Amino acid sequence: MGKKKITGMVYTNNERITHLVIPFIYLLMLSGLSSVSSAFSQPNLQGTDNPGSRTLKQEDPPVHEVHCSRERSRAAWNIIDQYLMPFVEKEKYQLSSQCRLNASNDLFRDQEEHKIHYDANEWRCGYCKKIFRAEKYLDQHFDNRHSNLLNSNGKCLADVCGALHCDLMMDSKPRKSKCNPAAAAKNRHLCESIADSCFPVNQGHSATRLHDLFLRQFCDAHTCSGGKKPFSRGGRKHTNVFYLAISILTMMLLPIFYLIVYLYQREMRKGTQELKRISKIGRKTKPS
Ligand SMILES: [Zn+2]
């Protein structure tokens with residue numbers, strides 16, 4: 001009886017021990033597993049092209065604005081350069097730092113100006129001279145290696161894309177989507193606010209003229225009534241070296257061509273005169 005009781009006591013003690021130990025082991029296992037999983041996930045975080053690397057970057061204290069599309073910013077810049085700057089240069093007008101279209105406000109401007117494009121398959125980093133096969137790889141390189149060289153005072157130029165019709169610049173084929181009046185009104189408002197901040201009408205004739213041009217060139221087309229196209233005032237004319245060479249060559253060859261035609265016609269005339277003479281002689285000899 002006593003033995004049984006003692007054994008019973010032992011069992012209960014054992015149970016108590018196991019009750020205490022099992023959660024402890026369980027906790028140990030959990031921590032072990034988590035450390036194992038973190039060990040597995042670490043190489044992924046160090047990878048450059050993994051989305052995990054972004055979380056690693058975001059944990060670093062000085063985070064650069066990565067929520068800005070480089071591609072769309074580039075499209076916006078190309079539009080400004082092609083369809084606005086020729087007129088601004090013509091007026092000898094200086095865009096203020098308040099103007100969002102000012103180059104100094106573009107987050108990516110410095111990096112974009114450090115792209116050296118040799119030919120279709122050769123893009124060089126202007127900072128470290130590394131060579132890439134395509135522009136997108138150079139873009140990735142900038143993101144990974146030179147993110148510290150982003151314009152710290154810059155803003156995302158892609159944010160003004162709605163006003164500047166970036167989609168038109170980026171799409172190779174125009175989309176036939178239904179016009180959204182609310183979106184058109186929003187873009188028009190943004191467009192007009194850019195015109196006001198970049199070309200304040202109280203700052204002289206040049207600013208007033210450019211303000212008007214900006215509205216015609218970019219803002220008028222933000223409507224669903226149709227009929228108005230963006231960039232209606234035209235843009236920079238790119239003088240192609242190839243076309244220049246062709247036109248010079250044509251100018252040089254044209255006189256030679258006329259000379260050949262003239263000489264040929266003169267020979268022909270001579271020929272016909274001789275034929276006439278022969279036929280005249282023939283006619284004279286026949287009756288006799
Ligand atoms: Zn580099």
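Some terms before I go on. Strands here are DSSP runs of E with at least two residues, helices are runs of H or I with at least four, and both are numbered from the N terminus. Two strands count as paired if DSSP finds at least two bridges between them.

This is a predicted model, in which local features need pLDDT of at least 70, side-chain atom pairs count only at pLDDT 80 or more, and totals for chains, interfaces and linings use all residues. Residues are numbered from 1 along each chain as its sequence is written.

Back to β1. A hairpin of 2 residues joins β1 to β2. β1 and β2, the latter being residues 122-125, pair in the antiparallel sense over 4 bridges. Within that pairing, Ile 116 stands opposite Arg 124, and His 117 has Trp 123 as its bridge partner.

Is β1 buried or in the open? Of its 5 residues, the number buried is 0, so β1 lies largely in the open. A residue is buried if 20 or more other C-beta atoms lie within 10 Å of its own C-beta, exposed if 12 or fewer do, and partly exposed in between, again with C-beta atoms placed from the backbone.

Two residues have a positive phi without being glycine. One is Lys 129, with phi of about 65 degrees, in the loop between β2 and β3. Lys 129 is exposed, because 8 other C-beta atoms lie within 10 Å. The other is His 165, with phi near 65 degrees, in the loop between α7 (161-164) and α8 (166-170). His 165 counts as buried, because it has 22 C-beta neighbours inside 10 Å.

Next, Leu 210, which is found in helix α10, residues 204-219. Leu 210 counts as buried because it has 24 C-beta neighbours inside 10 Å. What does Leu 210 touch, leaving out residues up to four places away in sequence? The list is Phe 87, Val 88, Glu 91, Tyr 93 and Phe 199. Val 88 is 122 residues from Leu 210 along the chain, yet their C-alpha atoms are separated by 7.1 Å.

Now the chain as a whole. There are 11 helices and 3 strands, and along the sequence they follow the pattern α-α-α-α-α-β-β-β-α-α-α-α-α-α. Of the 288 residues, 15% are buried. Among contacts with a separation of 6 or more, 65% are between residues 24 or more positions apart.

Last, confidence. pLDDT is the predictor's confidence in each residue, from 0 to 100. The chain averages 78, and 69% of the residues score at least 70. Over residues 1-18 pLDDT stays under 50, and the model has 0 contacts beyond four places in sequence for them. Residues 20-62 also stay under 50, with 11 such contacts.

Notes
Two residues are in contact if their C-beta atoms, placed from the backbone, lie within 7 Å.
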